[in-house]
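Thank you for making time for this today. Please take a moment with the sequence and the model on the screen, and then I will walk you through a few places in it.

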Amino acid sequence: MNSIIRRGVLPVYNNVFKATCRSFAETGIKEKIDQIVKNNKVVVFMKGVPDAPRCGFSNAVVQIMRMHAVPYESHDVLSDENLRQGIKDYSNWPTIPQVFINGEFVGGCDIMLQMHQSGELVEELKKVGIKSALLTAEEAKSQEKK
């Protein structure tokens, strides 16, 4: 009888328990991400850290941010599996890195690269009170010509 209970009831109990624990963890991570995104002008969820990105796409986003001299908060999704999955669920976007500006999801590496190339990133940063270093350099050049 005892082995029947272990084979029949215990797996159901364990699965329900695991699902309940997971949903509590997901709720907590969603709130944590929400707080991070809303309390910072620019946030990058990436693989690695800005000084040592651990994937090429994260590195590309870091380089774009450096070119524009954007102050941003970064979070390494490789150091926390709940954060890694949580950010994907939060934004409904399957890949990392993910960039948020003024609390809104902007996109990943491809979108940031397009925005950088088109000049749209300078405009988006301006909307949140961040002056791009590329714009500053351009203004300095035009002042020299005068």
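Let me start with A69, which is partly exposed, with a relative accessible area of 47%; on this scale buried means under 20% relative accessible area, exposed means over 50%, and partly exposed is in between, using a 1.4 Å probe and protein chains only. A69 sits in the loop between α2 (56-68) and β4, where helices (H or I, at least four residues) and strands (E, at least two) are DSSP runs numbered from the N terminus. Its phi is near 55°, a positive value in a residue other than glycine.

Before going further, please keep in mind that this is a predicted model, in which local features need pLDDT of at least 70 and side-chain atom pairs count only at pLDDT 80 or more, while totals for chains, interfaces and linings use all residues. Residues are numbered from 1 along each chain as its sequence is written, and side-chain values use heavy atoms, with hydrogens and water left out.

N102 also has a phi near 55°, a positive value in a residue other than glycine, and its place is in the loop between β5 and β6 (104-107). N102 is exposed, with a relative accessible area of 52%. One more backbone detail belongs here: the peptide bond from I96 to P97 is cis, with omega near 10°, and P97 is found in the loop between α3 (81-91) and β5.

Now to the sheet. It is an open sheet of four strands in the order β4-β1-β5-β6, with mixed pairing, where two strands pair if DSSP finds at least two bridges between them. The edge strands are β4 and β6, each of which pairs on one side only. From one strand to the next the twist averages 25°, and here axes are lines fitted to C-alpha atoms, for helices over the stretch in contact, with angles running from 0 to 180 degrees between N-to-C directions. Helix α3 packs on this sheet, touching β1, β4, β5 and β6, and its direction makes about 55° with that of β5; contact means heavy atoms within 4.5 Å.

As for its neighbours, β1 is joined by four bridges to strand β5 (residues 98-101), and the two run antiparallel; V42 stands opposite I101 in β5, and F45 stands opposite Q98 in β5. With strand β4 (residues 73-76), β1 pairs in the parallel sense over four bridges, and the bridge partner of M46 in β4 is D76.

F45 brings us to the aromatic rings. Rings of Phe, Tyr and Trp (its six-membered ring) pair if their centres lie within 6.5 Å, and planes under 30 degrees apart count as stacked, over 60 as edge-to-face and the rest as tilted. By this rule the count comes to four aromatic pairs. The rings of F45 and F100 have their centres 5.8 Å apart and their planes at 85°, so this pair is edge-to-face. F45 lies in strand β1 and F100 in strand β5, so the pair ties together parts that are 55 residues apart in sequence. F45 is buried, and so is F100, the latter at 2% relative accessibility.

Y90 and F100 form a tilted aromatic pair, with 6.0 Å centre to centre and 55° between the planes. Because Y90 lies in helix α3 and F100 in strand β5, that pair ties together parts that are 10 residues apart in sequence. Y90 itself is partly exposed, with a relative accessible area of 23%. Ring pairs link F45, Y90, W93, F100 and F105 into a cluster.

Finally, the helices: α2 and helix α4 (residues 109-118) pack at an angle of about 30°, with their axes 9 Å apart. That makes α2 roughly parallel to α4, given that angles under 35 degrees count as roughly parallel, over 145 as roughly antiparallel, 65 to 115 as roughly perpendicular and the rest as oblique. The contact is made by F57, A60, V61, I64, M65, M67 and H68 of α2 and by C109, M112, L113 and H116 of α4.
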